[in-house]
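Please consider the model shown below with attention to its open spaces. The account that follows treats the pockets and the residues that line them.

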Amino acid sequence: MRRRRAAVAAGVCASFLLGSVLNVLFAPGSEPPRPGQPPASSAAPGPGRRGARGELARQIRARYEEVQRYSRGGAGRGAGRPERRRLMDLAPGGPGLQRSRPPPDGAPGWPPAPGAGSPGPGPRLGCAELRNVSGAQYVGSGYTKAVYRVRLPGGAAVALKAVDFGGHDLGSCVREFGARRGCYRLAAHKLLKEMVLLERLRHPNVLQLYGYCYQDSEDIPDTLTTITELGAPVEMIQLLQTSWEDRFRICLSLGRLLHHLAHSPLGSVTLLDFRPRQFVLVDGELKVTDLDDARVEEMPCTSNADCVLEFPARNFTLPCSAQGWCEGMNEKRNLYNAYRFFFTYLLPHSAPPSLRPLLDSIVNASGELTWGVDETLAHLETVLHLYRSGQYLQNSTASNSAEYQRIPDSTIPQEDYRCWPSYHHGSCLLSVFNLAEAMDVCESHAQCSAFVVTNQTTWTGRKLVFFKTGWSHVVPDPNKTTYVRAPG
């Protein structure tokens with residue numbers, strides 16, 4: 001795997017030096033075959049494989065119809081007149097697409113025909129913007145797709161997603177059907193589905209779609225690359241070492257996202273593959289990036305026995321409605337996954353003591369599915385209000401017995417100590433609502449004899465404060481104010 005990734009990265013960098021990312025980046029043959037496996041392009045279809053071509057065409061058509069269904073469903077935020085909307089720009093010389101071709105194997109044509117209600121009007125990035133990108137880096141790959149980071153000529157960094165020609169999805173299909181082009185189209189429809197859903201589900205906690213490009217790559221015409229917002233991977237071990245305020249922001253972002261998915265223009269959307277790796281962080285906000293395994297339809301049923309929501313640790317039985325659908329299954333699946341992957345680890349630990357009972361209620365209710373998404377988000381928003389307004393301090397901040405001397409326009413460059421959780425690993429940097437809370441924190445730390453209030457604020461508007469062991473060396477700084485404990 002490491003050798004394959006190194007080969008991919010080398011091919012990518014070489015392509016950019018030649019000034020054309022896509023001709024090499026996603027070329028079918030740009031990655032070495034796995035040990036003991038012949039190159040996919042050399043696989044010759046035998047009689048059995050010829051008989052399976054109809055099954056491949058059926059699978060392609062099913063995914064094609066799914067994409068068309070999502071592209072037409074609902075008006076969507078910012079939707080224009082349906083007759084002026086296109087699933088893809090198929091005009092000659094349009095952004096990225098050079099030409100279309102007749103559909104082989106009895107499957108729908110590729111690229112797909114226009115559909116109403118998907119990518120909206122406005123400027124889009126296309127192939128022209130990708131011709132002179134720089135700084136290509138391999139980010140990672142999954143079952144179907146590979147992701148790369150590049151920098152556009154203007155300096156902006158974006159993510160490129162494309163079918164991974166050395167990935168499991170394409171490779172297993174070629175081994176089964178022996179049809180490389182058809183298998184590419186089958187896999188690419190998952191990427192196309194994700195592109196449509198990114199557009200249809202636009203929200204601050206859904207990754208932004210910037211554009212797309214179709215370009216020929218050796219033996220496969222019209223390979224698809226999507227251009228999206230770039231985010232940082234979600235690393236749970238690192239998140240556990242961050243401040244509670246930042247961890248709460250991630251949980252609040254997730255709550256807002258789940259509320260949006262439960263009430264989206266397409267209906268209630270569930271994420272069948274719900275793991276931290278399906279999300280990224282953009283400026284501290286959690287955003288979902290992987291939507292190719294999302295599902296809109298609720299589960300059909302004839303009785304409650306058909307509505308069992310199964311998880312590794314426990315199962316839930318939901319009611320079967322009179323209309324023959326499992327009530328709230330999509331919403332409840334998302335919510336329990338949010339509990340087991342995010343809430344239980346990030347919400348309660350090192351939270352302000354007065355907020356812990358409410359946070360424990362959120363964790364317990366989401367773990368038992370006694371609340372829906374609407375109630376869960378309402379309680380998360382209540383926590384935000386209490387924290388941002390300082391109301392959580394009314395019963396927790398005691399009157400300070402010590403007095404502090406104010407030294408304006410100054411700071412203490414050294415005399416640091418470590419505390420947890422801190423915004424800075426080498427010192428004690430915390431956020432406070434007001435001066436009284438800063439004094440209270442200093443009183444609660446045995447090492448603290450002074451603190452420095454900065455002009456920096458967190459996402460909730462709270463001041464960042466350095467807590468110090470002493471004040472033997474105070475220096476001028478117009479952006480900070482120092483408070484030292486008065487003697488006596």
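**Pockets and their linings**

Strand 1 provides the largest share of the lining of the largest pocket, namely 5 residues. The model under discussion is a predicted one. Within it, the largest pocket holds about 730 Å³ of space. Besides strand 1 (134–141), the elements that give two or more residues to this lining are strand 2 (145–151), strand 3 (157–163) and strand 8 (279–282).

In total, 33 residues line the largest pocket, and V139, G140, S141, V147 and R277 lie nearest its centre.

About 620 Å³ of space lies in the second largest pocket. Its lining is made up of 26 residues, of which S350, P352, L430, E437 and V441 are the closest to the centre. At least two lining residues are supplied by each of helix 7 (244–262), strand 15 (428–432) and helix 11 (435–444). Helix 11 contributes the most to the lining of the second largest pocket, with 4 residues.

How do the residues that line the second largest pocket divide into nonpolar, polar and charged, and what are the numbers? The lining of the second largest pocket comprises 13 nonpolar, 8 polar and 5 charged residues.

How values were computed
Residues are numbered from 1 along each chain as its sequence is written. This is a predicted model: local features need pLDDT of at least 70, side-chain atom pairs count only at pLDDT 80 or more; totals for chains, interfaces and linings use all residues. Side-chain values use heavy atoms; hydrogens and water are left out. On a 1 Å grid over the protein atoms alone, a cavity is a set of points where a 1.4 Å probe fits but cannot get out, and a pocket is an open set with protein on both sides within 12 Å along at least five of seven lines; lining residues have an atom within 4 Å of a point. Grid points are joined across faces, edges and corners, and a volume is the space filled by probe spheres set on the points. Ala, Val, Leu, Ile, Met, Phe, Trp, Tyr, Cys and Pro count as nonpolar, Asp, Glu, Lys and Arg as charged, and the others, Gly among them, as polar.
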